[in-house]
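The sequence and structure come first.

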Amino acid sequence: MTARTGWLPRSLDEEVPTAARVYDYLLGGAHNFVADRRLGERFLTALPSARDVARLNRGFLRRAVLALLRAGIRQFVDLGTGIPTAGSVHEITERAGRGCRVVYVDREPVAVAHSELLLRNDPHATMLRADLLDPDRVLGHPHTRRLLDFSEPVGLLLVGVLHFAFPQDRPEEVVRRYRDAVPSGSFLALSHFTADLAPENMRQVVEVMRGSANPVYPRSHAEVSAFFDGFELVEPGVVGTGLWRPEHAEDVRTPGAEQIYAGVGYKP
Ligand SMILES: C[S@@+](CC[C@H](N)C(=O)[O-])C[C@H]1O[C@@H](n2cnc3c(N)ncnc32)[C@H](O)[C@@H]1O
């Protein structure tokens, strides 16, 4: 994206890289600016497998949504959606047939503007510009209330996003609030950066992302697992994204397959 297009919000600051646009760059998307690409290149120096790490995270999202569909989930809240790219949640669910509904939540202007444009004629999906760390606003929003039925199980997706929440944001309380809002039979799918396996690379990633709108806070296996408090982890538990029910040998073998932990939990 080199020239400003009509759908971009006026308030956009192109000089400050955002996680959504750097991730888009790493995934080969076109919705990023010079500053995002520069930071993306520094990210690649810090973590040479970053493109694979991003792709594996998308792969986990897809496999987790398919697993939830097989478990009967028909409504999703995708918290920290990112910029729509091939394989968005509503595209995955559409293939499963009618009746799936998706509420997307993000606060990054390009992610929101692009999603709103894509979804403008879709009665089954909506985009909220909101801070996911404010569950009452997300859950109480008229669009959420219109689209979702909280007496039926919900798929909560927190994929590649809680590492942008620092301890002072009390992310465990945020997850608890979402968990308490959904009925038994609901699921949580979550993935999260860790420094457990390559501490020096992750130290550099943290340093690089300090120069963005979204600094990163990696967590240990125990800390990521704790987000599933009140959920029963489904097999294979909290593992690297590439190891979560892999479909191909490359998922497991790819460098970076374990830079992000992933898991799915069931609310009994
Ligand atoms: C790395 S992207 C992940 C996108 C997608 N979930 C995936 O895994 O492919 C993280 C997204 O979370 C969004 N995000 C981070 N913190 C957020 C917050 N507090 N509220 C809403 N969105 C947030 C960012 O703007 C970005 O679009």
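The buried residues of helix 9, which spans residues 199–209, are M202, V205, V206, V208 and M209. Viewed down the axis of helix 9, these buried residues fall within an arc of 165°, so they line one face of the helix. They pack against helix 1, helix 2 (34–46) and strand 5 (187–193). The model is a predicted one.

Two packed helices are described by the angle between their axes and the distance between the axes.

| Pair | Axes come within | Crossing angle |
|---|---|---|
| Helix 1 (residues 19–26) and helix 3 (residues 50–70) | 9 Å | roughly 100° |
| Helix 1 and helix 2 | 9 Å | roughly 65° |

The axes of helix 1 and helix 3 cross at roughly 100°. That angle makes helix 1 roughly perpendicular to helix 3. On the helix 1 side the contact is formed by Y23, Y25 and L26, and these meet A50, R51, A54, N57 and R58 in helix 3. The residues of this contact divide into five nonpolar, one polar and two charged.

For helix 1 and helix 2, the axes cross at roughly 65°. An angle of 65 to 115 degrees counts as roughly perpendicular. Helix 1 and helix 2 are therefore roughly perpendicular to each other. The crossing of helix 1 past helix 2 is right-handed. Helix 1 contributes R21, V22, Y25 and L26 to the contact, while helix 2 contributes D36, R37, L39, G40, E41, F43 and L44. By class, this contact has six nonpolar, one polar and four charged residues.

**Two single residues**

A67 lies in helix 3. Is A67 buried or exposed? A67 has a relative accessible area of 13% and is buried, because buried means under 20% relative accessible area. Leaving aside residues up to four places away in sequence, A67 touches W244 and R245. A67 and A189 are 122 residues apart in sequence, with their C-alpha atoms 10.0 Å apart in space.

P142 lies in helix 7, which covers residues 142–147. With a relative accessible area of 59%, P142 is exposed, because exposed means over 50%. P142 and L128 are 14 residues apart along the chain, and their C-alpha atoms are separated by 10.0 Å.

Key: Residues are numbered from 1 along each chain as its sequence is written. This is a predicted model: local features need pLDDT of at least 70, side-chain atom pairs count only at pLDDT 80 or more; totals for chains, interfaces and linings use all residues. Side-chain values use heavy atoms; hydrogens and water are left out. Axes are lines fitted to C-alpha atoms, for helices over the stretch in contact, and angles run from 0 to 180 degrees between N-to-C directions. Helices (H or I, at least four residues) and strands (E, at least two) are DSSP runs, numbered from the N terminus. Angles under 35 degrees count as roughly parallel, over 145 as roughly antiparallel, 65 to 115 as roughly perpendicular and the rest as oblique. Contact means heavy atoms within 4.5 Å. Ala, Val, Leu, Ile, Met, Phe, Trp, Tyr, Cys and Pro count as nonpolar, Asp, Glu, Lys and Arg as charged, and the others, Gly among them, as polar. Buried means under 20% relative accessible area, exposed over 50%, partly exposed in between (1.4 Å probe, protein chains only). The arc is that of the directions from the helix axis to the C-beta atoms. A crossing is left-handed if the near helix is turned anticlockwise from the far one by less than a right angle, and right-handed if clockwise.
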